[in-house]
Amino acid sequence: MKLRTWKRMAKQGFHNVFRNRIMSLASVSAIAAALFVLGLVLMVVMNINNIVASLESKVEVTIFLKSEAQRLDIQSLERQIKSWEGISELRFVSKQEALNTWKEEWGDKKYLLDGYHAGNNPLPDSFHIKLEKPEYVADIVEKANAFKMVEKVQYSKDVVDSISSIASTTRIFGLIIVAVLIAMAMIIIHNTIRISVYSRRREVNIMKYIGATDWYIRWPFLMEGMVLGLFGAVISGGLTAGVYSMLVSRMSGSPVQSNLLSLFQLLPLERVMYPVSALFLLVGVMVGTTASLLSISRHLRV
Amino acid sequence: MIRFENVTMVYDNGHRALNNINLTIGNGEFVFIVGESGAGKSTLIKLLLKEIDPTAGSIFVKDMDITKMKRKDIPYYRRGIGVVFQDFRLLPHKTVYENVAFAMEIMEASKKEIRRQVPAVLNMVGLAPKANSFPGQLSGGEQQRTSLARALVNNPSILIADEPTGNLDTATAGEIMKIINMINHRGTTVLMATHAREIVDSMKKRVITLHKGAMVSDKEKGEYFVEA
Ligand SMILES: Nc1ncnc2c1ncn2[C@@H]1O[C@H](COP(=O)(O)OP(=O)(O)OP(=O)(O)O)[C@@H](O)[C@H]1O
Ligand SMILES: [Mg+2]
């Protein structure tokens with residue numbers, strides 16, 4: 001088709017949307033709702049993936065020692081650990097050092113810990129190990145556990161795993177909800193286009209008599225579906241961006257002290273919104289066009 | 001130009017609307033199709049427009065068997081045929097000009113061509129002063145002239161009219177017939193189904209009479225004749 005015909009079709013598509021206001025509104029809301037939920041899911045998943053990636057990049061294994069461990073045994077353990085594969089950094093933290101750090105972390109509330117001193121220090125001696133790669137974790141944990149003087153081995157993989165499982169649960173449930181919402185949006189758009197076809201049946205009939213091709217007749221209705229999808233994408237995009245930037249400003253507003261919480265740095269708005277809005281446009285237009293195509297094939301007798 | 005060969009049309013409900021029709025219409029002819037209500041006139045026209053396909057037989061238009069035509073070629077075939085109906089079939093929210101331009105738009109004509117062709121054809125049917133009126137603001141005769149203008153704007157070689165004067169009073173019908181006659185004189189083949197005895201009798205054209213789906217007479221310079 002020629003450019004001017006495409007223009008005419010697009011114009012007609014927009015025109016149909018505004019002519020059929022109530023149904024269009026229902027369609028756009030339905031798409032927007034589906035995409036908004038999709039956006040929330042993506043926001044959560046992207047952020048969790050980001051946290052997981054940053055955790056994995058600094059996998060640390062901490063080996064806590066029993067209180068009865070002797071200095072000599074500790075020194076021999078240190079030499080052995082140094083010989084293991086995949087160790088990039090090894091640091092011994094004595095129970096005294098640990099207590100000092102603890103007090104420092106508590107800052108102006110450290111008077112609460114005044115009761116603790118070298119004599120009743122509840123903290124154990126420990127080795128802090130940084131790894132070259134997260135793959136070494138399992139191996140090192142196993143080796144460390146073999147020593148009698150080792151009380152407990154802790155590693156951030158635990159956290160990584162539990163956070164990862166949150167991401168995958170969110171992804172699964174979220175996508176199920178999104179699928180249901182998209183199906184609903186499809187049904188509503190399908191009906192919208194059916195009504196549009198019905199209200200234009202006179203025109204369609206005339207077009208047939210004067211020799212319009214099938215696609216010339218179909219395109220305006222397809223455009224209508226596309227426009228509905230487009231509007232849905234724009235609205236949900238705005239909504240998602242609004243909610244996300246609110247979250248970002250909330251999170252950065254409250255000072256985060258704890259070590260773990262400091263990992264929850266939300267991704268910047270642009271990092272999230274570029275892929276999300278591209279996906280919104282794609283999914284929105286695809287859903288609108290597909291629903292419209294289905295409706296046309298059932299209701300438009302050309 | 002148009003040739004029906006042993007054409008029979010039986011509708012899905014088993015009704016035999018046309019039975020073994022054979023007829024030939026030459027280039028530039030003017031032919032009336034008459035017959036009582038239900039005789040099969042509109043069925044014959046629908047066959048020509050390829051709105052329906054015959055149960056048996058062949059229909060040739062410009063030496064092409066349209067019963068064998070591919071679906072995708074139908075629109076292009078229809079562009080060569082102008083058609084008007086008793087009920088005008090205009091778009092109420094478009095002006096006279098836009099209704100006529102519409103027929104050129106679907107053929108992807110340029111704005112320039114449309115601006116040249118539409119006023120010319122409106123002039124031909126005597127509607128130039130009403131170009132910006134909406135169908136609701138027009139008399140029946142003016143609406144039918146709009147519809148004629150739309151049928152003619154793409155210079156079809158055949159004009160098909162199904163009771164074009166059915167909704168008009170005698171005087172207005174006469175004006176419409178003048179225009180159709182003029183179009184015929186410019187070389188367009190005209191096929192017109194009608195009940196209007198006065199028109200048929202006054203025009204002295206070829207008359208084909210259908211009765212219960214059969215062709216019962218075909219007369220040059222004939223008169224309106226329906227078997228009792
Ligand atoms: N789609 C259809 N399905 C079944 N029967 C039909 C259909 N269309 C027309 N008929 C029947 O075929 C017969 C011929 O119809 P047609 O419309 O061709 O008559 P006509 O000569 O145009 O009549 P009129 O002068 O009233 O317009 C009629 O008996 C009609 O009831
Ligand atoms: Mg009829």
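Before you start, note that the model is predicted: local features need pLDDT of at least 70 and side-chain atom pairs count only at pLDDT 80 or more, while totals for chains, interfaces and linings use all residues. Residues are numbered from 1 along each chain as its sequence is written, chains are lettered from A and ligands numbered from 1 in the order in which they are written, and side-chain values use heavy atoms, without hydrogens and water.

**Stop 1: the positive patch**

Select Lys7(A), Lys11(A), Lys111(B) and Arg115(B), and you will see a patch of positive charge on the surface. A patch takes residues with over 30% relative accessible area and no salt bridge, joining like charges within 9 Å and nonpolar side chains (Val, Leu, Ile, Met, Phe, Trp, Tyr) within 5 Å. Accessible areas come from the Shrake-Rupley method with a 1.4 Å probe, and for residues only the protein chains shown count as cover. Lys and Arg count as positive, Asp and Glu as negative, with His and the chain ends not counted; each charge is placed at NZ of Lys, CZ of Arg, CG of Asp or CD of Glu.

Helices (H or I, at least four residues) and strands (E, at least two) are DSSP runs, numbered from the N terminus. Arg115(B) sits in helix α4 of chain B and is exposed, at 55% relative accessibility. Here buried means under 20% relative accessible area, exposed over 50%, and partly exposed in between (1.4 Å probe, protein chains only).

**Stop 2: Glu29(B) and Arg206(B)**

Next, turn to the salt bridges (a side-chain nitrogen of Lys or Arg within 4 Å of a carboxyl oxygen of Asp or Glu). Over all chains there are 13 of them. Select Glu29(B) and Arg206(B), whose closest N and O atoms are 3.1 Å apart. Glu29(B) is in the loop between β2 (16-25) and β3 (30-34) of chain B and Arg206(B) is in strand β9 (residues 206-211) of chain B, so this pair ties together parts 177 residues apart in sequence. Arg206(B) is buried, at 8% relative accessibility.

**Stop 3: Lys130(B) and Glu142(B)**

These two side chains meet in a salt bridge at 3.9 Å, N to O. Lys130(B) lies in the loop between α4 and α5 (140-152) of chain B and Glu142(B) in helix α5 of chain B, 12 residues apart. Lys130(B) is partly exposed at 30%, whereas Glu142(B) is buried at 15%.
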